[in-house]
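Me: I would like to go through this chain and ask what stands behind each term. Please set each value against its definition.

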Amino acid sequence: MDIASSPDERHAIVPDFPGFLARIARDVPAHCILTRPEQTRVYECDGLSLYREQPPVVVLPENEAQVIAILKACHEHNVPVVPRGAGTGLSGGATPHPQGVVIGLAKLNRILRLDPETCVAVVGPGVRNLAISEAAAPHGLYYAPDPSSQIACSIGGNVAENSGGVHCLKYGLTVHNVLRVRVVTIEGEIVELGGEAPDAPGLNLLQAFIGSEGMLGLVTEVTVRLIPRPQLARVVMASFPSVEQAGEGVTRIIADGIIPAGLELMDKRAVHMVEPFVGAGYDLQAEAILLCESDGTPDEVSEEIARVEALLREAGATRLQTSSSEEERLKFWAGRKNAFPAAGRISPDYYCMDGTIPRRHLGKVLAAIAGMETQFGLRCSNVFHAGDGNLHPLILFDANQPDEVERAEAFGAAILELCVQVGGTITGEHGVGLEKINQMCSQFTRDELDAFSAVKRAFDPYGLLNPLKLIPTLVRCAEYGKMHVHQGDIRFPDIPRF
């Protein structure tokens with residue numbers, strides 16, 4: 001099968017479902033195989049509900065042996081596979097294939113080993129992100145990446161999307177905190193990538209696998225790095241009369257050599273959205289609020305906080321408030337971490353984007369997004385990881401109005417195109433999924449896309465692993481290019497239009 005076939009050709013896959021179901025029935029308990037419409041309906045989308053597809057079959061394995069059996073059956077009977085964690089993803093990465101099987105890994109949820117001496121934990125892919133830190137807490141340790149959905153999202157999903165969180169500026173993304181993964185290939189073979197030692201034999205494929213969105217194999221075990229919990233953490237909450245001045249505050253902090261534990265920015269609409277929801281004590285008069293966290297020993301924190309406060313005043317902060325207790329620190333963060341659910345208070349639906357830009361362009365890009373609100377006739381609330389330029393614009397719309405759905409998608413595409421134009425990228429931590437395939441044509445050259453396809457082919461020569469999320473083809477990029485003109489030049493001008 002040609003894995004580089006266009007998305008329109010995906011329906012050429014002809015799976016043998018009767019043979020597949022008969023095959024897995026020998027190894028997987030009946031209660032783990034869902035085929036009735038009322039059972040499979042709940043798996044029709046992930047956190048990006050704009051894209052929905054009801055899967056014909058959902059299988060919920062309870063151990064690695066069952067995962068192996070299921071994938072062998074998929075291989076033998078030509079059945080496409082879509083892996084699924086907790087379903088909190090925001091790019092459509094777990095959207096089902098109309099002729100495939102969803103393999104949910106939520107039941108592989110055991111912490112297999114937690115070693116406080118070597119500071120590692122070995123966990124199943126269904127273990128919740130926050131559960132790792134909860135288990136490590138008695139030893140004074142925790143797992144650093146903390147997506148806003150950490151109370152629910154699974155570590156397997158974090159590996160698939162290379163998730164980050166509000167503390168990723170100092171402590172890194174998933175890729176910086178995972179030491180090893182145990183993977184089942186489409187043929188049902190076990191492969192281990194990475195290791196607990198400083199280096200591992202063979203090619204270093206661990207980093208290639210993390211963030212691959214289930215297109216290279218299914219994870220059954222993850223070894224993560226644990227780090228000591230800091231003695232103290234405090235947050236400075238700064239109010240600014242403009243988003244541009246808040247962005248200047250970010251620039252000054254980083255330029256001064258400070259790497260905060262967290263550095264997050266919210267615009268006025270976001271502040272008004274979350275304050276009634278959590279009561280974090282945000283300044284409702286501010287045009288933007290910046291949260292800057294320092295952690296370490298008490299002396300280190302005291303010195304860094306003093307430097308941060310001085311820099312923020314120089315940038316034009318009109319109000320500074322520093323947390324005086326752990327309870328208050330968590331309260332300040334609660335507003336930022338609940339920005340997405342708080343959107344439901346002011347809008348029937350929201351569309352969360354995930355572009356990343358150079359920090360120096362924060363003001364320019366946010367001003368452009370404000371102009372897009374008028375262009376597309378929709379409101380947009382902005383929250384983002386200011387320290388590394390990872391934007392999370394929340395486009396507010398009503399899915400009951402078909403025209404608003406189309407405008408929301410166009411609004412989102414325009415934001416991603418803008419991120420690429422200023423030297424950024426189309427995703428920081430949410431992945432590409434179904435959502436951003438077109439924008440890959442804008443960011444990457446044909447040679448780069450072909451290299452991605454070659455990696456995919458090496459792991460999955462049959463094109464059965466998450467095939468809806470294929471690397472965009474030449475034809476697709478040409479089609480997308482004919483609708484987008486950059487500086488008067490049509491993309492791929494020598495390719496016939498279809």
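Reply: Contact means heavy atoms within 4.5 Å. By that rule, the buried residues of helix H13 pack against helix H8 (243-255), helix H9 (268-278), strand S17 (379-385), strand S18 and helix H14 (402-421). This is a predicted model, in which local features need pLDDT of at least 70 and side-chain atom pairs count only at pLDDT 80 or more, while totals for chains, interfaces and linings use all residues. Residues are numbered from 1 along each chain as its sequence is written, and side-chain values use heavy atoms, with hydrogens and water left out.

Me: Which residues of H13 are called buried?

Reply: Buried means under 20% relative accessible area, exposed over 50%, and partly exposed in between (1.4 Å probe, protein chains only). In H13 the buried residues are Leu362, Gly363, Val365, Leu366, Ile369, Met372, Glu373 and Phe376. An α-helix has 3.6 residues a turn, so residues three or four places apart point the same way.

Me: What makes the span of H13 close to the expected one?

Reply: The expected span of a helix is 1.5 Å times one less than its number of residues. H13 (residues 362-376) has 15 residues and reaches 21 Å from its first C-alpha to its last, close to the 21 Å expected. Just after H13, Gly377 takes a positive phi of about 65°.

Me: What does Leu114 touch?

Reply: Leu114, in strand S5 (residues 111-115), touches Val120, Ala121, Ala135, Ala136, His139 and Leu226, not counting residues up to four places away in sequence. Leu114 and Ala135 are 21 residues apart in sequence and 8.1 Å apart in space, C-alpha to C-alpha. At 23% relative accessibility, Leu114 is partly exposed.

Me: What is the order of the 7 strands in the open sheet, and why do S15 and S16 stand at the edges?

Reply: Strands (E, at least two residues) and helices (H or I, at least four) are DSSP runs, numbered from the N terminus. Two strands pair if DSSP finds at least two bridges between them. The order is S15-S12-S14-S13-S17-S18-S16, with antiparallel pairing. Strand S15 (319-322) and strand S16 (349-352) each have a single partner strand, so one side of each is left without a neighbour in the sheet.

Me: How many bridges join S16 to S18?

Reply: There are 4 bridges between S16 and strand S18 (residues 390-397), which run antiparallel. The bridge partner of Tyr351 in S18 is Ile395.

Me: Why is the chain called as compact as a globular protein of its length?

Reply: The radius of gyration is taken over C-alpha atoms, and the globule rule is 2.2 Å times the number of residues to the power 0.38. The chain has 17 helices and 20 strands. Its radius of gyration is 23 Å, close to the 23 Å that the rule gives for 498 residues, so the chain is as compact as a globular protein of that length. Buried residues make up 56% of the 498 residues.
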